[in-house]
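Please open the model in your viewer and keep the selection panel at hand. The stops below say what to select next and what is to be found there.

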Amino acid sequence: MTSAAAKPSPPSGGRGLGEGGAQGAYAHDTGYNFAYLDESTKRMIRRAILKGVAIPGHQVPFGSREMPLPYGWGTGGIQVTASILGPSDVLKVIDQGADDTTNAVSIRAFFRRVAGVATTERTAEATVIQTRHRIPERQLTEGQILVYQVPMPEPLFRLEARVAETKRMHALADYGLMHVKLYEDIARHGHIATSYNYPVMVDGRYLMSPSPIPAFDNPKMDRMPALQLFGAGREKRIYAVPPYTAVRSLDFEDHPFRPIRAPHACALCGSRESYLDEVITDDRGGKIFVCSDTDYCTERQATKAAAE
Amino acid sequence: MYVATKGGEQAIGAAHAWLAETRRGDAALPELSVAQIEEQLGLAVDRVMAEGSCHDRGLAALAVKQAKGDLIEAAFLLRAYRTTLPRFGATAPLDTGAMRIRRRISATYKDLPGGQVLGPTFDYTHRLLDFSLTAAGLPPEAASQAEPDTAPTPRVTELLAREGLMQREQPSEAEPGDLTREPLRFPADRAVRLQALARGDEGFLLGLGYSTQRGYGNAHPFVGEIRVGDVAVCFTPPELGFEIELGDIGVTECQMVNQFKGSRTEPPQFTRGYGLVFGHGERKAMAMALVDRGLRAAELGEEADAPAQQQEFVLYHCDNVEATGFVEHLKLPHYVDFQSDLENVRTMRESAMKAAAE
Amino acid sequence: MSPLLSARGLELRFGRIAALDGVDLDIWPGEVVAIVGESGSGKTTLLRVLSGLAAPDAGSVIFDGQDVLGMNEAARRHLMRTQWGFVHQNPRDGLRMGVSAGGNIGERLMATGARHYGNIRAAAADWLRRVEIDPERLDALPRTFSGGMQQRLQIARTLVTHPRLVFMDEPTGGLDVSVQARLLDLIRALVAELGLSVLLVTHDIAAARLLAHRILVMRHGQVVEQGLTDRVLDDPQHPYTQLLVTSVLAA
């Protein structure tokens, strides 16, 4: 997917790590505390997480630390993961649904180094999954925690930039403005023109940003058996959706929420249910569609091959 | 058949190796030592300490070297390192009144107790490229220095305050907020605002400070005083129970004097804009003082509609480590969101075409 | 029957100036009450205190059995978007200028739980008709409307949820005289049709005569005279009222 660039010498291509199965635990770099953060910082973050779980969808401010990865690259998710990770956890990191995107690789390597935990590319094997922009296709279970990286936790920020004012709106559940925006979308475009980061109501009380996952993934959040945690490092907010909590995408009765997906089958595994990436294959308009969730796709291909 | 390309991990490794190679540059040239950076690129080191929010010249110089001279990247390195340091406690407030002064100027008085001390400044240099610096030579001769003045150097603003002409800041025993432990909350008090500004990006604050001079904020500032020098850092270890001096750090302090027309409860007087940064950073300290005063507009009952007077706008956007991260994160893949938008735009185009055809 | 809104002993001082000095007031269901007086007489302050936007130093405000001043902000905002309405002098203060006419009218419906786009749109179109704006303008932005149209749009946006009590702050101020007359006629018709209670603040005696059942005359934070509109305007007792009425006649 990525090579160092045009310079001929550095090798590119070739899969970095095993073939997707769990990698045994690594020796952690003892120059750092387990999972990088010191224990009192972890405790502070866990308190914020507990508060978030107690008030589903409510954004809890927390003392976000400067991490060795840049803000906007997953510092919130990394701090949440660092605070909940134990030595026996199995960690999966995805970005855009894939385990081998550069940032996912980099975050996985970070935790191998500072926590020495086992990592995996298989959704089913993971106990903690840190994600940017996707929810895995395979249904998650009660034993799993999904940690979202969140660039902008405030769902109202495009309508109201002042944080003090949006806090008041949340406190009073004053969400008419969000519906006005959806109304305007339909009046102008004939349908709600939000295709990702599509706002949701959590447990009928708090309006929440699901992070920039495609709207296609929104229904997976509803009554999910796994705990969902959201970390926004730069904006210094944590929020949560406890297992089996109702998460509803905003809509109108006569313009119901519709998850969008490219109307094609995956060119590799043939799936017509999964979310697809469009891949340009040549400069004459040629393109194919493939699963964005690489683990899901690999598994289906293996099943198909075994059946043949 | 199409096969998705893989290999993020190897590519990252190779990219890092290449980065290290370009950092070193031409191997035929001698390598720059951290000590050389600390000594000869001192202002870069100072800026990295200020924006990196960590006073350690050696580490800052190392960060400058590691970042190939990218000072925001260097500040980021220092900040990430700072996260891992244990905290033993808080020092006593710095007493800049007792500063060992290297430079001290006032624009409001021609002469004053303690005198005007120019110090090592670019101010009156002609900005002509000095080609003699291209050749290695002997070190310059030592500058002639006046006898150090042992008389105390009172702060200019204190002279005004004694006359009742300068608003005094209300001393407070309350624990000041700590941005590195607690997220910003609004309205932010002055201690927190100053903390954010002290860590803030020099360029951003310079632009904002400048805007208050150009009518976006209606400021009428005078440099009451700029002082640069070393101050002692004092700390009371709980196990000792008395104060000890940990050492000296270099800082730059700027106090801007601004007019204030008075309000229902306060008579007309001057008010203060305050700037304090690690190392020698006059531009930053001055910009900080201008913006600090701008942010006080609302509490002083002045109109507060210019950008430099908006707390949320200034404080949320002045941190260059946060800003860099979020701007540069646009380089990360966004295939998934883009794909959603692609389908969305295709749908909208279809219905628009259909409507146009009808 | 009991009053819909009832205020007793309202006091509010700004430094040495008494903005409200012992004001009592009742508004009955279906009644239109005008508060008249020059600028600085305290009438706008009274409106802000009655609607819970400002707290008095002393006194009470009861709406339909609820203590308005003791209410928390959530309850007050709920009241403001259900049973109350507020029409501002400047339509820009009461409208979202970047949102279509339909969205402006629909906002209160959506804030109170309406979730059927077609019904919201139909209600918005109906209300445009009722305030004499072409329903074809449903998707147009308010900034493309004339001042009079903007004010009528604000009224539609406010009345769409059938509030019981509407506060109006100089609703015809800043409009041309001919436009004012049309707007006053419209307000009068809607108020009668919906059976609204209205608290109207105005310095325009003619507007008060046309709309109000009852008039309160304010000066220096006090109600100096009150009574039925015709009685107060045709037979003013207080010298200040006499001055107000004659200055209108002179103008």
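Which helix of chain A gives the most to the lining of the largest cavity? Helix 2 of chain A does, with three residues; helices (H or I, at least four residues) and strands (E, at least two) are DSSP runs, numbered from the N terminus. The model is predicted, so that local features need pLDDT of at least 70 and side-chain atom pairs count only at pLDDT 80 or more, while totals for chains, interfaces and linings use all residues. Residues are numbered from 1 along each chain as its sequence is written, chains are lettered from A and ligands numbered from 1 in the order in which they are written, and side-chain values use heavy atoms, with hydrogens and water left out.

**The largest cavity.** Select A:G72, A:W73, A:G74, A:V150 and A:P151, which lie nearest the centre of the largest cavity among the 18 residues that line it. Helix 2 (75-84) and strand 8 (227-232) of chain A are the elements that give two or more residues to this lining. On a 1 Å grid over the protein atoms alone, a cavity is a set of points where a 1.4 Å probe fits but cannot get out, a pocket is an open set with protein on both sides within 12 Å along at least five of seven lines, and lining residues have an atom within 4 Å of a point. The largest cavity holds about 120 Å³ of space, a volume being the space filled by probe spheres set on the points, which are joined across faces, edges and corners.

**The second largest pocket.** Next select A:P68, A:L69, A:P70, B:H16 and B:E73, the closest to the centre of the second largest pocket of its 44 lining residues. About 1,800 Å³ of space lies in this pocket. Helix 3 (102-115) of chain A and, from chain B, helix 1 (8-24), helix 4 (57-66), helix 5 (71-83) and helix 11 (320-328) each supply at least two lining residues.

**A:H133.** Move to the loop between strand 4 (128-132) and strand 5 (145-149) of chain A, where A:H133 has its place.
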